[in-house]
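Here are some exercises to work through with the structure open beside you. Try each task before you read the solution.

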Amino acid sequence: KFYYNGKEMKLSEETEEVATFYARMLDHEYTTKAAFNNNFFHDWREVMTESERAKITDLFKCNFKEMHAYFVQKSEERKAMTKEEKLKIKEKNEEIQKEYGFCSIDGHKEKIGNFKIEPPGLFRGRGEHPKMGKLKKRVLPEDVLINCSKDSNIPKPPTGHKWKEVRHDSNVTWLASWTENIQGQVKYVMLNPSSKLKGEKDWQKYETARKLAQSIDKIRAEYRDDWRSKEMRIRQRAVALY
């Protein structure tokens with residue numbers, strides 16, 4: 001239950017969902033920070049209905065304690081699970097891994113790194129990030145680009161949805177991508193580091209490093225000489241190389 005100004009208030013589905021993101025973090029230091037609270041309240045009001053927006057005007061009159069208690073209880077229940085219950089969850093996750101955690105490249109079965117998209121929630125950031133508390137929106141199939149070969153079994157989107165785009169770019173190694181809404185960064189589904197293709201890419205990098213190792217003294221001498229160049233452009237390049 002949610003209370004505003006001491007009175008119970010029924011929230012719309014989307015408004016309630018975003019409220020739970022904040023309620024989960026009530027005992028976290030983030031909810032004591034002004035930037036976090038201001039960003040959350042701004043984004044929360046954007047998903048509210050008109051009537052909710054007219055009534056909920058002050059975050060400090062909101063009471064999320066019962067919501068928070070619910071999530072604490074669920075956390076305790078998970079901790080108290082029996083071995084059998086934990087095993088069932090593990091088996092279910094393994095089934096999901098078998099279905100979605102592998103792909104085929106040049107006839108070889110390869111493991112995918114992280115095939116799950118991060119669920120919606122509140123952005124935390126590192127340190128005193130100015131965008132902390134902003135709403136990380138749910139990624140929909142319409143936001144996702146799929147990259148696979150033309151003759152492959154193109155994964156089907158959930159019923160009633162479609163992919164943003166299906167492309168066949170053999171020059172990149174990512175399998176799916178989308179743009180997150182907080183900082184506009186492109187996120188990728190990539191191959192597992194243990195995959196053959198990843199191993200080959202790493203091997204190429206190590207080979208380049210071995211070749212550079214043979215000339216490292218010469219390279220260092222050159223950029224140190226360039227530090228004393230009369231041209232600022234050359235001095236800057238030398239510092240960057242250093």
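## Exercise 1: Arginine 235

Arginine 235 has a relative accessible area of 28%, so it counts as partly exposed. Keep in mind that this is a predicted model.

**Task.** Find the helix that holds arginine 235, and list what this residue touches beyond four places in sequence.

**Solution.** 
- Step 1: look for the helix. Arginine 235 sits in H8.
- Step 2: collect the contacts. Once neighbours within four places in sequence are set aside, arginine 235 is in contact with Asp226, Trp227, Ser229 and Lys230.
- Step 3: Arginine 138 is 97 residues away from arginine 235 in sequence, and their C-alpha atoms lie 47 Å apart.

## Exercise 2: H7 against H8

**Task.** Work out how H7 and H8 are oriented towards each other, and say which residues make the contact.

**Solution.** 
- Step 1: take the angle. H7 (residues 216–226) packs against H8 (residues 232–241) at about 140 degrees, and the axes are 8 Å apart.
- Step 2: name the arrangement. Roughly antiparallel needs an angle over 145 degrees. H7 is therefore oblique to H8.
- Step 3: The crossing of H7 with H8 is left-handed.
- Step 4: list the residues. H7 brings Ile219, Tyr223 and Asp226, while H8 brings Ile234, Arg235, Arg237, Ala238 and Leu241.
- Step 5: sort them. The contact of H7 with H8 has five nonpolar residues, no polar ones and three charged ones.

## Exercise 3: H1 against H2

**Solution.** 
- Step 1: H1 (residues 13–23) and H2 (residues 34–47) pack at about 165 degrees, with 9 Å between their axes.
- Step 2: H1 is therefore roughly antiparallel to H2.
- Step 3: this time the handedness is right-handed for H1 and H2.
- Step 4: the contact uses Glu14, Thr15, Val18, Ala19 and Tyr22 from H1, plus Phe36, Asn37, Phe40, Trp44 and Val47 from H2.
- Step 5: sorted by kind, the contact of H1 with H2 gives seven nonpolar residues, two polar and one charged.

## Exercise 4: H2 on its own

**Task.** Check the span of H2, then find which of its residues are buried and what covers them.

**Solution.** 
- Step 1: H2 has 14 residues, so at 1.5 Å a residue it should span 20 Å. The C-alpha atoms at its ends are 20 Å apart, which agrees.
- Step 2: the buried residues in H2 are Phe36, Asn37, Asn39, Phe40, Phe41, Asp43, Trp44 and Val47.
- Step 3: the cover over these buried residues of H2 includes H1 and the strands E3 (62–63), E6 (121–122) and E7 (135–136).

## Exercise 5: Two more residues

**Task.** Are serine 177 and histidine 68 buried or exposed?

**Solution.** 
- Step 1: find them. Serine 177 is in strand E10 (residues 176–179), and histidine 68 is in helix H4 (residues 65–79).
- Step 2: use the cut-off, which for buried is under 20% relative accessible area. Serine 177 has 5%, so it is buried. Histidine 68 has 17%, so it counts as buried too.
- Step 3: look at the surroundings, leaving out residues up to four places away in sequence. Serine 177 is in contact with Asp143, Val144, Leu145, Val186, Lys187 and Tyr188. Histidine 68 touches Ala23, Arg24, Leu26 and Asp27.

Terms used. Residues are numbered from 1 along each chain as its sequence is written. This is a predicted model: local features need pLDDT of at least 70, side-chain atom pairs count only at pLDDT 80 or more; totals for chains, interfaces and linings use all residues. Side-chain values use heavy atoms; hydrogens and water are left out. Axes are lines fitted to C-alpha atoms, for helices over the stretch in contact, and angles run from 0 to 180 degrees between N-to-C directions. Helices (H or I, at least four residues) and strands (E, at least two) are DSSP runs, numbered from the N terminus. Angles under 35 degrees count as roughly parallel, over 145 as roughly antiparallel, 65 to 115 as roughly perpendicular and the rest as oblique. A crossing is left-handed if the near helix is turned anticlockwise from the far one by less than a right angle, and right-handed if clockwise. Contact means heavy atoms within 4.5 Å. Ala, Val, Leu, Ile, Met, Phe, Trp, Tyr, Cys and Pro count as nonpolar, Asp, Glu, Lys and Arg as charged, and the others, Gly among them, as polar. The expected span of a helix is 1.5 Å times one less than its number of residues. Buried means under 20% relative accessible area, exposed over 50%, partly exposed in between (1.4 Å probe, protein chains only).
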